[in-house]
Amino acid sequence: MLSGSFDISGGGSVDTVALYMQYIVNGLTLGAIYSLIALGYTMVYGILKFINFAHGDILMVGAFIGLLVYTALTGEAADPGAWTIIAFFIAMLVSMVACALLGMLIERVAYKPLRNANRLAPLLSAIGVSFILSNGAAWIFGTQSRRFPYPFANDPIRIGAIAITPHQIVVVLVSVLMMVLLTFFVNKTRMGKAMRAASLDQATSMLMGINVNRVISLTFAIGSALAAVGGILASFDFRVYPSMGTMTGLKAFVAAVIGGIGNIQGAMLGGVLLGILEAVGAPLLHIPNSMRDTVAFAVLIIILLVKPEGILGKNEREKV
């Protein structure tokens, strides 16, 4: 990420335009990661009307698993090449499977028994799971951050005054691929249609022969797998450490709210918008890097005041 202040008094200078374009490129990369993670929040909320606040810690677990598998396959100081790239995608696949199983286990143990309880109970359970995962990771791996080595040469590619790294290209391509596959699954497959039906009315779905418990477990599995991908992609810039999912997860939640929580396309849009706003807004408003997280939460407050259902969300009335 580029940082520092810049002079915009010239208005149309080439340097200023190029700098803005660089911020937008950085924001798209960041937004793609937020979108992947936000999908997990929005899928669970769409069916259970419940916010899984342990979701950010699942991405942390995914990053640790990916790092361990990648290091086991390549060694500590492997030179980037064909094998390191293959090992990276193997590590990502293993991490996705492990986090999918973890998500299903958490849903079965910590959330399923509380489905008929008041809404505060599963929320508190989710916070408890979050602390268990983060403290468990600190106990097992220690509190020191670890670097996830690039599996490929990351020398920037220059297009005029704009620099784009292979890492940014991989982030965007992988994120787009995951989102396309998810959209196809939800809209075109039988289980995807069952998920959409369960999100509308669980009782009627069960009467129609849909196994709602299986649908919910699958929803947690898919959301957790996407979180693992987001955690691995984010770890190149943010490193891997036990609390890495806290702020990243919260900002992905903000992205889901901005787009309209419960709406898959909204989560994608919200993540991209938040990434661009954060990347452009912080230097534009001369906000120090240490305080750039305030941009996300300021946007959240504005959205809640102006359009609380989100950009693509629907304003639904709830009977009490």
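Author: Helices here are DSSP runs of H or I with at least four residues, numbered from the N terminus. The model is a predicted one. With that in hand, the loop to look at is the one between helix H1 (14–48) and helix H2 (55–74), and Lys49 is placed in it.

Lys49 is not a glycine, yet its phi is positive, about 55°. Most residues other than glycine have a negative phi. Lys49 has a relative accessibility of 33%, so it counts as partly exposed, since the partly exposed class lies between under 20% for buried and over 50% for exposed.

Next comes Ser130, a residue of helix H4 (residues 120–141). Its relative accessible area is 15%, so Ser130 is buried. Setting aside neighbours within four places in sequence, Ser130 is in contact with Phe53, Ala54 and Asp57. With Asp57 there is also a polar contact, side chain to side chain, at 2.4 Å.

Last, the core. The largest nonpolar core holds 84 residues, and Tyr111 and Leu233 have the most contacts inside it. Helix H8 (residues 212–238) supplies the largest share of this core, 15 residues. In soluble globular proteins, nonpolar side chains tend to be buried together.

Notes: Residues numbered from 1 in each chain as written. Predicted model: local features only at pLDDT ≥ 70, side-chain atom pairs only at ≥ 80, totals over all residues. Heavy atoms only, no water. Core = buried A, V, L, I, M, F, W, Y, C linked by side-chain atoms within 4.5 Å. Buried < 20%, exposed > 50% of the residue type's maximum accessible area, 1.4 Å probe, protein only. Helix = DSSP H or I, 4+ residues; strand = E, 2+ residues; numbered from the N terminus. Polar contact = N/O pair within 3.5 Å; in protein donor to acceptor, adjacent residues only side chain to side chain. Contact = heavy atoms within 4.5 Å.
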